[in-house]
Amino acid sequence: MAHPRVWDASGHTSEFIDPLVDDLKTNKRYRADHLLEENGVNAEKLTIDEMDKKIKELGLKSPEGNPFSDVRRFNLMLETKMGAVEETAVTTFLRPEEAQSMFINYKNVLQSLSPKVPFGIAQIGKAFRNEITPRDYIYRLREFEIMEFEYFIHPESPWEAYFDNFLLEQKDWLSKIGVDTSKLSALEHPETARAHYSRKTVDLEFEYPFGIKELTGLAHRGDFDLKRHQEFSGESMEMLNDATGEKFIPHVIEPTISVERAILALLCSSYREEGEGDNVRVYLKFPPAVAPYKVCVSPLLKNKPELVSYARVVFGELKKEFGWVAWDDNGNIGKRYRRQDEIGTPWCIVVDFDTLIDDSVTIRDRDTGEQVRIKKENVSAYIKERMN
């Protein structure tokens, strides 16, 4: 939470809105832009009045068949109160983004670190939005985790180069975590669809099962935020160029991404099905670097103490090396393989009776199903080589 004047300064109090319609009989609320999109209309570029006109032209009704109210502006921020006594409590909002947390600490950063432009401040944390219709699993939520980065540059610097580079960085990062980049597309917002602070906005959209939707955002915020906070606080937000004596308020390039949306894009990119009928194998083809477990260790039989004891040694050694190592001795080996496939574990290691003779174990690859015998002392190197 922040002082309510922060949200007045940022423009969120007056500008952070969604188009809303009510069912005139049931009083249920719906997003006007979602209703239009469901009927084949691209509402992204439409104003509130244009949406209202379009809904009336199409004669759209609520799911219950009732007429809608006029399209209204609905504030997306979640309101709350700060104070022990209701009569004197201050009305404020849960933050809808991370950015303002960084802008109101910008002066502290200048005074404590004395950075030179360009420099950045990054933050990850919870954000909250008063979504009318949360939907699509974890895509649209009222409470979510967001990563934002405010990159401060000189107002006369070639901001287009910074902007384009960040767009490439976003694509590269998504590729590294395993998102299918062939399902990514860039969408530049027209002036009518940009946020109130934005001079240029480009989203990377992903082809989810429920449609092509925003995954990352990239905005040139100019000096809007710092100037507004300077105006509302009375505190100078200028930087000083020691060499020239010039004072200036930096401009800001902002890459941002929702953690949940990135996870969902990764899940969609990694999901695989092989086989037919009752013999379908489902697995998640995660890159090893982001797989929840890197390897699973199993004794062939859990009622054979000598196998369990040996497997525990292997498990302990790999646990020290890689950290995220699973232990599974429940059910037969085939079921264990399927279980680990479904959570995306890249390799399964089985200790069997031959292990007790020659100190070798079976390593099975998640993606190919192939199995090889490896000496116990070489297992760690085998996994490291393939992780890299």
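## The second largest pocket

In this predicted model, the lining of the second largest pocket divides into eight nonpolar, four polar and two charged residues. The space in this pocket comes to about 310 Å³, and of the 14 residues that line the pocket, Phe149, Gln170, Pro255, Thr256 and Ile257 are the closest to its centre.

At least two lining residues come from each of β6 (119-128), β7 (143-153), α7 (159-177) and β13 (251-258), and α7 gives the most, with five residues.

## Salt bridges

The count of salt bridges comes to 31. Among them is the pair of arginine 95 and glutamate 98, whose side chains meet at 3.3 Å, N to O, and both of these residues are buried. Within helix α7, aspartate 172 and lysine 176 are four residues apart and therefore separated by about one helical turn, and their side chains also form a salt bridge, at 3.3 Å, N to O. Aspartate 172 counts as partly exposed because its relative accessibility is 35%, whereas lysine 176, at 58%, counts as exposed.

Aspartate 352 and arginine 373 form a salt bridge in which the closest N and O atoms are 2.7 Å apart. Because aspartate 352 lies in the loop between β18 (347-351) and α12 and arginine 373 lies in strand β20 (residues 371-375), the pair ties together parts that are 21 residues apart in sequence. Aspartate 352 is buried, at 14% relative accessible area, while arginine 373 is partly exposed, at 35%.

## A nonpolar surface patch

Leu301, Phe353, Leu356 and Ile357 form a nonpolar patch on the surface, and together they have about 380 Å² of accessible area. Isoleucine 357 lies in helix α12 (residues 353-358) and, at 72% relative accessibility, counts as exposed.

Definitions and conventions:
Residues are numbered from 1 along each chain as its sequence is written. This is a predicted model: local features need pLDDT of at least 70, side-chain atom pairs count only at pLDDT 80 or more; totals for chains, interfaces and linings use all residues. Side-chain values use heavy atoms; hydrogens and water are left out. Patches are made of residues with over 30% relative accessible area and no salt bridge: like charges are joined within 9 Å, nonpolar side chains (Val, Leu, Ile, Met, Phe, Trp, Tyr) within 5 Å. Accessible areas come from the Shrake-Rupley method with a 1.4 Å probe; for residues, only the protein chains shown count as cover. A salt bridge is a side-chain nitrogen of Lys or Arg within 4 Å of a carboxyl oxygen of Asp or Glu. Buried means under 20% relative accessible area, exposed over 50%, partly exposed in between (1.4 Å probe, protein chains only). On a 1 Å grid over the protein atoms alone, a cavity is a set of points where a 1.4 Å probe fits but cannot get out, and a pocket is an open set with protein on both sides within 12 Å along at least five of seven lines; lining residues have an atom within 4 Å of a point. Grid points are joined across faces, edges and corners, and a volume is the space filled by probe spheres set on the points. Ala, Val, Leu, Ile, Met, Phe, Trp, Tyr, Cys and Pro count as nonpolar, Asp, Glu, Lys and Arg as charged, and the others, Gly among them, as polar.
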